[in-house]
Amino acid sequence: MKLAELFNQEKTIFSFEVFPPKRNNPIETIYQTLDELQEIKPDFISVTYGASGSLADNSTCEIASAIKQKYGIESAAHLTCVNSTKEEVSEVLRRLADNGVENILALRGDLVPDVPPKKEFKHASELITFIKETKDYDFGISGACYPEGHLDSRNQVEDILNLKKKVDAGAQHLISQLFFDNEVFYDFVDKARIAGINVPIEAGIMPVTNKKQIERMVSLCGASLPRKFTKMMSRYENKPEAMRDAGIAYAVNQIVDLVSQGVDGVHLYTMNNPYVAKRISESVKSLF
């Protein structure tokens, strides 16, 4: 099933993101995580692009295929392009199709320091166009969006115009980068709708379980931190269990507010932590 079809239902979509194990961890560890996440019955699970982000790493395809074939949950495979050629992308598309994966989250990908990017794709919109023009396959295509603007954009107006290019190219569904102030997300959605972006937009929520985690993620995506959030971190940063529980409670409060305001869906960045995902899901299950 294409992910966009899920949003035709009379319900708010609830989905997860997982990532392949790092190189020094066996791939079996992700299946232990999925065994537990399966119990929650999310609408779909997305899988980030490979532990190494290279063509030789087939873990994203393997995991996305298992989510669908073994666990009976719809899946989406992340696919980045800035460090790939068209030939390499074509090979990944073939592998995904051969393994029954129907959905792709098309991303530019991060620029790697000291590694020059390939020349054939500069933006996610170009990757989406390439996938759509590859007539051998029929993938559902999703894209990423940034409530506070992509770090490489000069301003939010430019970023939303670039987002419109992704949708015009064929993105049927959008998943937002993490944010901690729901008002920022609502303002972004309003502006996207004014710009003519009418596909479903899922809110990306990351439960914060330690201070180092959030500092790293904020440095990568530029999300702002509301005062009540920073006070929470300062109060509990040296109390691991309290910080975990406070982070779960903060995520739950965000989700309750989002669903009450009619959000299209909530995409939970699980960080491969089934305990946290299950705690949050148990708290909000009646909302979905």
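This report covers charge pairs, aromatic pairs and a few backbone details in a predicted model.

## Basis of the model

Local features need pLDDT of at least 70, side-chain atom pairs count only at pLDDT 80 or more, and totals for chains, interfaces and linings use all residues. Residues are numbered from 1 along each chain as its sequence is written, and side-chain values use heavy atoms, with hydrogens and water left out.

## Salt bridges

Side chains of opposite charge can pair when their charged atoms come close. The structure holds 20 salt bridges. The term means a side-chain nitrogen of Lys or Arg within 4 Å of a carboxyl oxygen of Asp or Glu.

One of them joins Asp138 and Lys2, at 3.7 Å from N to O. This pair links distant parts of the chain, 136 residues apart. Asp138 sits in the loop between helix H5 (124-133) and strand E5 (140-145). Lys2 sits in the segment before helix H1 (3-6). Helices (H or I, at least four residues) and strands (E, at least two) are DSSP runs, numbered from the N terminus.

Asp264 and Arg193 meet in a salt bridge of 3.1 Å, N to O. The pair again links distant parts of the chain, 71 residues apart. Asp264 is in the loop between helix H10 (240-260) and strand E8 (265-269). Arg193 is in helix H7 (residues 182-194). Both residues are partly exposed: Asp264 has 26% relative accessibility, and Arg193 has 27%.

Arg244 and Asp245 also form a salt bridge, with 3.2 Å from N to O. Arg244 is partly exposed at 23%, and Asp245 is partly exposed at 30%. Elsewhere, salt bridges that share partners build one network from Lys2, Lys68, Glu74, Glu102 and Asp138. The bridge between Asp138 and Lys2 was described above.

## A positive surface patch

Where does positive charge gather on the surface? Arg227, Lys231, Arg235 and Lys239 form such a patch. Lys231 lies in helix H9 (residues 227-236). Patches are made of residues with over 30% relative accessible area and no salt bridge; like charges are joined within 9 Å, and nonpolar side chains (Val, Leu, Ile, Met, Phe, Trp, Tyr) within 5 Å. Accessible areas come from the Shrake-Rupley method with a 1.4 Å probe, and for residues only the protein chains shown count as cover.

Lys and Arg count as positive and Asp and Glu as negative, while His and the chain ends are not counted. The place of a charge is NZ of Lys, CZ of Arg, CG of Asp or CD of Glu.

## Aromatic pairs

A search of the whole structure finds eight aromatic pairs. Phe14 and Phe288 are stacked, because their ring centres are 4.5 Å apart and their planes are at 20°. Rings of Phe, Tyr and Trp (its six-membered ring) pair if their centres lie within 6.5 Å; planes under 30 degrees apart count as stacked, over 60 as edge-to-face and the rest as tilted. Phe14 lies in strand E1 (residues 13-18) and Phe288 in the segment after helix H11 (274-284), so the pair ties together parts that are 274 residues apart in sequence. Phe14 is buried at 7% relative accessibility, whereas Phe288 is partly exposed at 26%.

Phe229 and Tyr250 form an edge-to-face pair, 5.1 Å centre to centre with 75° between the planes. The pair links helix H9, which holds Phe229, to helix H10, which holds Tyr250, across 21 residues. Both Phe229 and Tyr250 are buried. Phe14, Phe16 and Phe288 form one aromatic cluster.

## Backbone and loop details

Which phi value does Met271 have? Its phi is positive, about 55°, although Met271 is not a glycine. Asn272 also has a positive phi, about 60°, and is not a glycine. Met271 lies in the loop between E8 and H11, and Asn272 is placed in the loop between E8 and H11 too. Met271 is partly exposed at 34%, but Asn272 is buried at 18%.

His150 is in the loop between E5 and helix H6 (156-169). His150 is partly exposed, with a relative accessible area of 22%. His150 and Asn162 are twelve residues apart in sequence, and their C-alpha atoms are 9.9 Å apart in space.

Conventions:
Buried < 20%, exposed > 50% of the residue type's maximum accessible area, 1.4 Å probe, protein only.
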